[in-house]
Amino acid sequence: MTPLILLLIGIVVVLGSILVIRLHAVLALLFGAFVVALLTPSSFLQRYALSNKFSESQLNALINQSAGERVAIGFGDTCAKIGLLIVLASIIGKCMMDSGAAERIVRTMLRISGEKKAPVAFTVSSFTLGIPIFFDTVFLLMVPLARVMGVRHPRSYALYVMAIIAGATITHSLVPPTPGPLFAARALNVSIGAMIIMGTVIGLACSTAGLLYAYWLNKRQNIPLRTTADISVEKLKEWSNKETKQLPSFFMSVLPILLPIILIAGQAIAKVMKDDLPGSINAFFKLTGDPTIALFIATIISLILVTQHHSNWLKEIQKSVEEAIYSAGTIILITASGGAFGAMLQQTSIGSWLAENIGQYKLAILPLAFFITAIIRTAQGSATVAMISAVGMLTAFNTPGALNFHPVYLAIVIGCGSKLFQWMNDSGFWVICKMSGFSEKETIRNSSFQMMIMGFVGLIVTMLLAKFIPFPL
């Protein structure tokens, strides 16, 4: 049995369980994770550990773990990475809607950009926010605004969600300081400045393509604004009918979104400039710039917003937090189950297996890098892991005389390849699916195919720039 066969088995189990048997996503993903874990031999685990440079003690610990322990660890690791962020972001979003803050932001944005340009405003905003912040966090912070907009224009609700995805998802893979592009730049000896500039330029082309696809698809579908666990459509409509003076100020409304962005971005900047900044500033951003701490601060502000616009504020806060936690719990379970499934696929050593077998084909370097990354992404779910794995395989190309173009193009095309193909083994898939109210099929049609188009556009634009402007910096 090869890792590829294990991958195919896992795909059949998960997709069959969800789409045919109609199992709940949590059970389907855990079922797939257990099947893959049970079928993975110890030789595959050894290969996975060696490729990830495990110590001897870590290798022995992995081999001695049962299938159940490995699935539980994969589940727990995903919870550790994103669980608290989902809880806090859910509370922030719920409080912003219950206090009218989300409604106020949308009204101000519409007054500035106009309703017809609202999708563009969403894309530009999420593109900017996605540079210092993980995609999941950006989406969690902005989806309440898309839902409020959806009340005004139900026919365009899916368009607003896709506009957010078009912006945030591409900077996550192309523009430092997020881990994937940062690692790619360092490994391929590309300056951070060059990666930021070219990643932004090519990322704008990708986001434009993603937004155009969103407009095109929205004319051919009608996904309604659905009630989710955190708030009903009727409640959203209630806020839309209130006068502006009954809503919080714009500054206070935007603060729960803006403040964590400033703190997280400040930490990234402080890391780069730590030798030029006072120790107190470095210490401040080291503490407050942690995403969990930053969102916790924003949560407190969002709770304060609720107290200012309800007479019985204590009861309202209790209700908002309870409903938000209930909603977040479901999302965390699904996301962590997807993380466990992805971790089990990674432990089959599918990454290193693909490296050895795909590398036999004599393709051009840029499309080769793109498709290697895409296959690894599809196989194990994580865009960042796919980029890191692909960079490790492709650094050999970045030797004197091997490239006739700037290595920044190689780093960027790896990032573009990591957009293909998002499906049920990716925790981000479930964040989009459950927070937006989309079904699994709708998420694939809207989000997954949108990312695929953006990835291919990035490949084409990168190859054209590498041909006509081989050394741009």
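A: Let's start with a pair of helices: α7 (residues 118-129) packs with α11 at an angle of about 145 degrees, and their axes are 11 Å apart. This is a predicted model, so local features need pLDDT of at least 70 and side-chain atom pairs count only at pLDDT 80 or more, while totals for chains, interfaces and linings use all residues. Residues are numbered from 1 along each chain as its sequence is written, and side-chain values use heavy atoms, with hydrogens and water left out.

Q: What makes a residue part of the contact between α7 and α11, and which ones take part?
A: The test for contact is heavy atoms within 4.5 Å. On the α7 side you get P119, V120, T123 and F127, and on the α11 side T200, G203, L204, S207, L211 and Y215. Sorted by class, that's 6 nonpolar, 4 polar and no charged residues. The classes work like this: Ala, Val, Leu, Ile, Met, Phe, Trp, Tyr, Cys and Pro are nonpolar, Asp, Glu, Lys and Arg are charged, and the others, Gly among them, are polar.

Q: Why are α9 and α11 called roughly antiparallel?
A: Helix α9 (residues 157-174) packs against α11 (residues 192-218) at about 160 degrees, and the two axes are 8 Å apart. That angle makes α9 roughly antiparallel to α11, because over 145 degrees is the cut-off for that word, with under 35 for roughly parallel, 65 to 115 for roughly perpendicular and the rest oblique. The angles run from 0 to 180 degrees between N-to-C directions, and the axes are lines fitted to C-alpha atoms, for helices over the stretch in contact. The crossing of α9 with α11 is right-handed, and their contact has 15 nonpolar, 6 polar and no charged residues.

Q: Why does N218 count as buried?
A: Its relative accessible area is 8%, and buried means under 20% (over 50% is exposed, in between is partly exposed, with a 1.4 Å probe and protein chains only). So N218 qualifies as buried. N218 belongs to α11, and leaving out residues up to four places away in sequence, N218 touches R155, S156, A158 and L159.

Q: Why do V254, I372 and G93 get that label?
A: V254, in helix α13 (residues 250-272), has 17% relative accessibility, so V254 is buried. V254 and I105 are 149 residues apart along the chain, yet their C-alpha atoms are separated by 6.6 Å. I372 of α18 (residues 365-380) comes in at 3%, so I372 is buried as well. G93 of α5 (residues 67-99) has 7%, so G93 counts as buried. G93 and S302 are 209 residues apart in sequence and 8.3 Å apart in space, C-alpha to C-alpha.

Q: What makes α21 a mostly covered helix?
A: Count the residues: 9 of the 10 in α21 (residues 427-436) are buried. Among them are F429, W430, V431 and I432. Just after α21, G437 has a positive phi of about 85 degrees.

Q: How many helices and strands does the protein have, and what share of its residues is buried?
A: There are 22 helices and 0 strands; helices are DSSP runs of H or I with at least four residues, strands are E runs of at least two, and the numbering goes from the N terminus. Of the 473 residues, 56% are buried.

Notes:
A crossing is left-handed if the near helix is turned anticlockwise from the far one by less than a right angle, and right-handed if clockwise.
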